[in-house]
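My notes follow the order in which I checked things.

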Amino acid sequence: MKSKDKKLSKKIIVIPISIIIFSTILIYYLYTNKQVSFATSSKETTEMIKFSNAELVDIDKIIEKNTKNIGTREEITTQKEELEYITTYKNNEELPKGMIQVVQEGRNGVQEISIQKVYDNDEVISENQIGAKVVKASVNKVVEIGSANYASNYKVKVGDILYVTSDRLSVMLENNLESQKISTILKNTEAKLLEVQGEWYRISADGITGWVKSECMTYINPNATAQENEQSYGGLNKAQLISKLSFNMPLNKPSGLSLEQFKKVLTDDKDKNKIFINNAEYFYYAEKQYNINGIFVAAVGIHESAWGTSRISQNKCNLFGYGAYDSNPYNGAYNFSNYSESIDLVSRVFVKYYINPAGTKIFDGQTASGKYYSGSSVSAINKRYASDKNWANAVYKYMQYLYNKL
């Protein structure tokens with residue numbers, strides 16, 4: 001009896017265990033089978049699966065492309081350049097004819113230039129400017145010009161009596177704008193010139209000795225008559241001026257022509273649009289301010305613009321083709337509001353980059369960059385300024401033509 005009970009008991013235990021195992025297997029099968037079915041049929045789940053990019057890459061095409069372009073590449077770079085200021089002029093009947101008075105100093109800005117270069121085996125085969133952005137705006141320079149009935153071309157020397165042209169002039173302890181201001185003197189104050197240092201004069205006036213900006217002083221006596229001043233400070237004659245003319249003459253020296261002489265030589269029948277005669281004074285003003293031969297600047301303008309008849313000259317007031325690239329000259333050339341702006345800016349560019357060695361003290365307290373300096377003659381300028389090797393000869397012929405009209 002005990003033996004049968006024991007066997008029955010074992011059977012009773014085995015049956016529930018079997019049921020549990022079978023149920024577990026059934027549930028697992030149904031669950032896994034459902035998941036596989038869902039993964040196969042659901043669009044959402046399929047889109048979540050990430051495939052290897054290797055399956056999408058066409059190796060043959062890449063090899064073919066690289067083989068075709070081997071050694072050729074493009075590069076876009078940015079560089080910062082100075083944005084030159086513009087000079088505007090205003091007439092002042094209280095100043096002697098040809099005299100210059102600065103009422104607002106010009107300051108250069110900064111622009112960021114984007115350049116696209118194409119290389120072939122590390123050699124640049126093309127280079128184009130594709131964009132420009134002003135980082136710091138420039139400030140225009142404002143100059144008042146004398147329009148009284150008398151003019152002069154006299155060069156001051158130590159010991160001369162000078163006169164203040166601005167309403168109020170600061171006298172500094174040293175010859176720089178950062179120095180200590182020691183006094184202020186008024187317009188027409190008489191002063192004795194003691195020393196010349198670049199753009200600065202050391203003067204003695206009203207019991208005060210100090211440094212002043214030379215552009216705010218004149219040697220013309222405001223209390224004298226025009227006839228008296230003309231007799232005292234006459235300009236150079238034709239023989240004296242012609243004696244300085246030569247192919248190798250330094251162009252970082254003024255021509256020495258008076259304002260009236262500039263107007264005389266630039267009055268010409270070839271100037272059909274009257275551009276040069278109407279702007280003759282600005283070549284003179286550039287010479288006086290920047291220590292450059294103004295006849296040379298005029299000769300460059302005549303040559304580059306064909307006496308002001310070129311499309312760039314007429315549409316953009318740009319006598320020099322300034323900013324033009326050989327590949328696209330018209331669109332690259334700068335626009336100016338009037339001809340005086342182009343004359344002034346190009347004169348400064350010559351002085352700063354071409355006709356003076358690096359470190360030379362020039363205008364506005366600046367020093368010459370000398371970036372393209374090869375010498376101060378017209379042939380030396382030709383080396384870096386113009387791709388045309390005959391440019392210097394052409395410009396010099398115009399200089400001779402103008403000098404001989406004196």
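These entries go from the whole chain to single residues.

**Ground rules.** I am working with a predicted model, where local features need pLDDT of at least 70, side-chain atom pairs count only at pLDDT 80 or more, and totals for chains, interfaces and linings use all residues. I number residues from 1 along each chain as its sequence is written, and side-chain values use heavy atoms, with hydrogens and water left out.

**Whole chain.** I found 14 helices and 13 strands in the protein chain. Both are DSSP runs numbered from the N terminus: helices are H or I with at least four residues, strands are E with at least two. I then looked at burial: 39% of the 406 residues are buried. Buried means under 20% relative accessible area, exposed means over 50%, and partly exposed is in between (1.4 Å probe, protein chains only). I also looked at contacts, meaning heavy atoms within 4.5 Å. Of the contacts with a separation of 6 or more, 64% are between residues 24 or more positions apart.

I followed the pairing here; two strands pair if DSSP finds at least two bridges between them. Strand 10 (residues 190-197) runs antiparallel to strand 11 (residues 200-205), with five bridges between them. Gln197 has Trp200 of strand 11 as its bridge partner. The two strands form a hairpin with two residues between them, and Gly198 in the turn has a positive phi of about 60 degrees. Strand 11 is also antiparallel to strand 12 (residues 208-213), through six bridges. There Arg202 is paired with Trp211 of strand 12. This second hairpin also has two residues between its strands, and Asp206 takes a positive phi near 55 degrees.

**Salt bridges.** How many salt bridges does the rule give? I get 12. The rule asks for a side-chain nitrogen of Lys or Arg within 4 Å of a carboxyl oxygen of Asp or Glu. Side chains of opposite charge can pair when their charged atoms come close.

- I checked Asp122 with Arg73: the closest N and O atoms are 3.3 Å apart. Asp122 sits in the loop between strand 4 (109-120) and strand 5 (123-136), and Arg73 is in strand 1 (residues 72-83), 49 residues apart. Asp122 is exposed at 60% relative accessible area, while Arg73 is partly exposed at 38%.
- I went back to Arg202 and found a salt bridge with Glu195, with the closest N and O atoms 3.1 Å apart. Glu195 is partly exposed at 27%. Arg202 is partly exposed at 27%.
- I then found Arg348 and Asp344 in a salt bridge at 2.9 Å, N to O. They are separated by about one helical turn, because they are four residues apart in helix 12 (residues 339-354). Arg348 is buried at 1% relative accessibility, and Asp344 is buried with a relative accessible area of 1%.

For charge, I count Lys and Arg as positive and Asp and Glu as negative; His and the chain ends are not counted. Glu287 lies in helix 8 (residues 280-290). What does Glu287 have for a polar contact with a side chain? I found the side chain of Ser255, at 2.8 Å. A polar contact is a pair of N or O atoms within 3.5 Å; within protein, one must be able to donate a hydrogen and the other to accept it, and residues adjacent in sequence count only if both atoms are side-chain atoms. The backbone nitrogen of Gly294 is also 2.8 Å from a polar atom of the Glu287 side chain. Glu287 is buried with no salt bridge, and the nearest side chain of opposite charge, Lys288, is 6.8 Å away. Not counting residues up to four places away in sequence, Glu287 touches residues including Pro254, Phe262 and Ile292.

Glu281 is in helix 8 too. Glu281 is buried without a salt bridge; Lys263, the nearest side chain of opposite charge, is 5.6 Å away. Leaving aside neighbours within four places in sequence, Glu281 contacts Ile145 and Leu259.

**Nonpolar cores.** I took a core as a set of buried Ala, Val, Leu, Ile, Met, Phe, Trp, Tyr and Cys residues joined through side-chain atoms within 4.5 Å. The largest has 62 residues; Leu266, Phe283, Phe296, Trp391 and Met399 touch the most other members. Helix 12 gives the most to this core, nine residues. A second, separate core has 16 residues, among them Met99, Ile203, Ala205 and Met217.
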